[in-house]
Amino acid sequence: MGERRGPGAPERRHGAPRHDHQDCIAEALSRADAVCRARSANLTEIRRRVLELVWSGHAPIGAYEILDALRRDGISAQPPTVYRALEFLLAQGLVHRIESRNAFIGCAQPDERHSSQFLICRDCGTVQELSDRRIGAAVSAGARDVGFEVGRSTVEVEGRCMDCSTHAG
Ligand SMILES: [Zn+2]
Ligand SMILES: [Zn+2]
Ligand SMILES: [Zn+2]
């Protein structure tokens, strides 16, 4: 995906475009195996493959892109197969839905419940996840003030990532 790090390139933190993304994928899959084993949740082959596809980059991927990729694998999947796999992965906290893109990204901390804020780069499309408790707490406090009971809370912020601002002319 054009993300392989060349020899001698500096190590970058997760979410940054220039890093060895194969490590991200390998870590995500082994974390998923561990989390599902601990919860006795059945990470079937198709669910695992869908998770791997979601992790194919740091930009969100849509259900139909996943379907196309599965078909390229020679798996004759139908949309419900993909949606069921995504439901499972969402329920286990292994992926998040990016509402504004109607697409999915992998979560690097599926073992802890967290409310998330997503920083979406409008140039390269990558998403960085924050789980800043102060923001979650501020949303809860503001909602409480107006008597609103918070269910699910997602904050999506659009802008430009560090890499794109650095390389912008
Ligand atoms: Zn990566
Ligand atoms: Zn997360
Ligand atoms: Zn960017």
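Residues are numbered from 1 along each chain as its sequence is written, and chains are lettered from A and ligands numbered from 1 in the order in which they are written. Local features need pLDDT of at least 70, side-chain atom pairs count only at pLDDT 80 or more, and totals for chains, interfaces and linings use all residues.

Helices (H or I, at least four residues) and strands (E, at least two) are DSSP runs, numbered from the N terminus.

Let us start with H1, whose buried residues (20 or more other C-beta atoms within 10 Å of their own, placed from the backbone) are Ala-28, Ala-32 and Cys-36. They cover an arc of only 55° around the axis (taken from the directions from the axis to the C-beta atoms), which puts them on the same side of H1. Helix H2 (45-54) and strand E2 (103-106) are among what covers them. The other side of H1 has exposed residues (12 or fewer such atoms), including Gln-22, Asp-33 and Arg-37.

H5 has zero buried residues among its 13, so it lies largely in the open. Just after it, Gly-147 takes a positive phi of about 70°.

As for pLDDT (the predictor's confidence in each residue, from 0 to 100), the chain mean is 89. Residues 1-15 stay under 50. Where pLDDT is low, the predicted coordinates should not be read in detail.

Methods:
Contact = placed C-beta atoms within 7 Å.
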